[in-house]
Amino acid sequence: LGLALYTSSLCAANGAAFLYHDYCIIGAGPSGLQAAYFLQQAGRDYIVFERSHAPGSFFALYPRHRKLISINKRYTGKSNSEFNLRHDWNSLLSHDSRLLFRRYSRDFFPDADVMVRYLEDFASLLKLRVQYNTAIVHVTLERDEQAWNGHYFLLTDQDRQNYKCSSLLVATGTWVPNVVNFPGSEYVEGYETVSINPEDFAGQTVLILGRGNSAFETAENILGVTNFIHMVSRSRVRLSWATHYVGDLRAINNGLLDTYQLKSLDGLLEGNLEDLAIVKDKKGKLHITLRFYLENRNTSAGIDSITLPQDELDNFATRAPYDRVIRCLGWKFDFSIYNRSLRMMPGKGNKKKYPQIKPSYESRGTRGLFVLGTASHSVDFRKSAGGFIHGFRYTTRAVHRLLENRHHGVPWPSTVYPITQLTNSIIKRVNEASGLYQMFSVLADIVLLRENATAFEYLEEYPVGVLAELEMQTGRKAPNGLFVVIMEYGRNFSGADKDVFYYNRAVGEAQHAWQSNFLHPVIYYYKHLPTEREMRLRPQDWPLPRPDAVHHIVEDFLTDWTAPNAHILPLRRFLENCLSTDLRNFFAESCFLFAFTRQKLPPFCRQGYVKMQGLVGSKGLRRHAVEAGLLEDYTLSDFSGNRAPDSYEGPQDQLLRDHTIPVRPLQHLINAKDE
């Protein structure tokens with residue numbers, strides 16, 4: 001009995017030692033701070049744990065040569081703040097205009113130190129609740145049926161302080177360097193520690209392992225002082241302008257391609273790094289060989305006793321010895337702190353550096369655990385911008401909205417409009433929305449139709465990967481069909497082997513819009529919400545299953561989809577065909593005529609003119625309508641058909657007063673006609 005009482009008291013003491021929060025965020029990088037902002041705006045109980053003394057510790061070290069490759073376009077010619085975010089790749093989302101990155105740097109490619117200062121200001125000015133110098137070293141689960149997700153998350157820091165949370169948001173990014181082990185890999189220097197002083201490489205011959213931006217960034221720094229640079233990787237170089245993926249090689253770092261193709265000693269090679277081996281000679285030079293040459297041999301026995309490839313093939317490409325070998329292979333997610341109970345598993349294939357998550361950014365193994373930021377990039381790896389600030393600032397907001405609905409009963413934000421505003425609403429969004437533009441093929445606007453298509457409900461930037469779960473995830477209903485508004489590139493336009501500069505690469509005619517190559521809006525129409533099975537069986541590389549109807553708005557050189565004939569008219573006719581209704585706008589005279597000549601008024605007349613809503617006529621507006629052939633020019637003739645004098649103003653004044661016709665008698669006439 002005494003032992004049982006002691007154990008009970010010990011458990012109670014341990015339970016009291018847990019500090020509880022509804023939401024725990026691990027990492028105060030950009031995605032962690034972005035999540036904290038939304039939680040704070042919603043008035044939620046949260047805490048952010050950051051192992052360093054300041055936010056954005058990754059940017060305090062990387063990129064090593066301090067130049068970011070995220071653009072800071074300060075001028076666009078427009079004052080629309082939402083549109084300008086399309087070309088601001090560094091700012092986080094907030095209500096404070098002081099926290100726009102263009103106020104921190106004038107450089108198109110800013111310095112990484114500026115990003116560190118920006119994140120510090122973002123956390124301090126918005127008074128985000130960040131607990132610094134707290135490294136979470138272990139995360140496990142505690143089963144509890146009363147918890148939000150059927151369990152609590154238990155976190156332990158480096159000082160053995162324990163924390164308990166109902167929901168866990170992982171925003172640690174990918175920061176563990178990728179390392180390839182092969183014979184002689186101990187002679188390789190890592191990107192994270194190699195010197196960034198070009199003079200340390202003067203007159204040296206360098207081999208770089210890797211072919212991403214960190215590899216080319218390193219080469220760019222020493223290009224002018226080395227004898228030559230060779231770069232080896234298992235895959236061919238991927239240029240971002242060909243793949244349309246911002247994580248591929250950017251032009252700012254590709255000087256080595258010039259010196260390679262223009263035959264200035266530098267070069268690129270393809271090969272499996274795990275098949276390599278490095279042997280060091282007595283002079284400290286590093287020789288490249290293949291692993292199978294070293295089988296059953298002691299590498300320390302001396303280079304003279306080891307067969308090198310050039311002994312059999314005298315023009316072997318890497319036969320010249322190197323002074324240094326540098327590893328630039330990127331980073332991976334740190335799985336080490338998560339207990340097996342969380343089932344945090346790495347992805348497969350080229351996604352193995354990321355944890356496995358659903359399209360909703362929730363862990364596949366544990367309910368209530370969401371992965372944010374760069375670590376969530378498996379959802380759209382090599383497809384969209386979800387691994388970068390200008391992408392995950394929107395996916396983080398989407399996760400917050402999912403959590404608000406799940407845990408607090410707050411439905412996904414939406415706006416209800418009359419059906420007459422459908423064309424305008426879509427045109428407005430595709431021309432200014434930054435979330436659709438940056439997270440193309442991943443986030444989409446959803447238009448939920450009301451009964452009889454008299455109105456619609458507009459939801460912005462919903463993850464299309466969980467479209468089948470829309471009603472559960474958003475708290476909104478979709479019984480009457482829906483439109484999905486998304487941005488896409490052409491199906492066969494992007495790829496490492498594609499020529500994106502060929503002569504007839506752009507489409508200009510609306511009838512050929514479906515062949516558009518560059519980023520352009522696509523509208524999918526579904527009579528019913530797609531099922532999970534339809535989502536699983538959708539065509540390869542399609543973001544959505546086959547719709548009942550689909551419309552491409554033709555690509556535009558200025559990304560300005562406001563041309564009346566090329567953009568708006570085809571869209572309106574598509575919507576009309578889907579809804580079997582007339583979405584045109586009409587003058588009062590036309591609505592008055594329709595009341596006596598049609599059994600059913602167009603929606604614009606029913607929702608506008610009959611309810612005394614719409615534009616009031618004016619001389620300028622009426623003159624424009626006459627010149628466009630939309631109205632009869634009654635001002636030029638009297639009622640007998642004779643030409644009226646130029647000074648005669650009677651009929652025109654009368655027409656200008658037409659909008660004052662009493663509504664009740666008109667409605668009475670309409671009702672009487674229907675009867």
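Reader: How are helix 2 and helix 5 oriented to each other?

Author: This is a predicted model, in which local features need pLDDT of at least 70, side-chain atom pairs count only at pLDDT 80 or more, and totals for chains, interfaces and linings use all residues. Residues are numbered from 1 along each chain as its sequence is written, and side-chain values use heavy atoms, with hydrogens and water left out. Helices (H or I, at least four residues) and strands (E, at least two) are DSSP runs numbered from the N terminus; axes are lines fitted to C-alpha atoms, for helices over the stretch in contact, and angles run from 0 to 180 degrees between N-to-C directions. Helix 2 packs on helix 5 (residues 112-125) at about 20°, and angles under 35 degrees count as roughly parallel, over 145 as roughly antiparallel, 65 to 115 as roughly perpendicular and the rest as oblique, so helix 2 and helix 5 are roughly parallel.

Reader: Which residues of helix 5 does helix 2 meet?

Author: Contact means heavy atoms within 4.5 Å. From helix 2, Pro30, Leu33 and Tyr37 take part, and their partners in helix 5 are Leu119, Phe122 and Ala123.

Reader: How do the residues of the contact of helix 2 with helix 5 divide by class?

Author: Ala, Val, Leu, Ile, Met, Phe, Trp, Tyr, Cys and Pro count as nonpolar, Asp, Glu, Lys and Arg as charged, and the others, Gly among them, as polar. On that scheme the contact of helix 2 with helix 5 has no polar residues, no charged residues and 6 nonpolar.

Reader: At what angle do helix 2 and helix 10 pack?

Author: Pro30, Ser31, Gln34, Ala35, Phe38 and Leu39 of helix 2 meet helix 10, and the residues of this contact divide into 6 nonpolar, 4 polar and 2 charged. The axes of helix 2 (residues 30-41) and helix 10 (residues 389-408) are 9 Å apart, and the angle is about 35°.

Reader: Which residues of helix 15 meet helix 11?

Author: Helix 11 (residues 422-432) and helix 15 (residues 564-579) pack at about 130°, with axes 10 Å apart. That angle makes helix 11 oblique to helix 15. Helix 11 contributes Leu422, Thr423, Ile426 and Ile427, which meet Ile568, Leu571, Arg572, Leu575 and Leu579 in helix 15.

Reader: Which residues lie nearest the centre of the second largest pocket?

Author: The lining of this pocket divides into 18 nonpolar, 12 polar and 15 charged residues, and its largest share, 3 residues, comes from helix 14 (residues 532-536). Among the 45 lining residues, those nearest the centre are Val379, Asp380, Lys383, Arg538 and Trp542.

Reader: What is the peptide bond from Tyr62 to Pro63, cis or trans?

Author: Most residues other than glycine have a negative phi, and most peptide bonds are trans. Pro63 lies in the loop between helix 3 (57-61) and helix 4 (81-84). With omega near -10°, the bond from Tyr62 to Pro63 is cis.

Reader: What is the phi of Asn452?

Author: Asn452 is found in the loop between strand 18 (443-449) and strand 19 (455-463). Asn452 is a residue other than glycine with a positive phi, near 65°.

Key. 1 Å grid on protein atoms, 1.4 Å probe; cavity = no way out; pocket = protein on both sides within 12 Å on 5 of 7 lines; lining within 4 Å.
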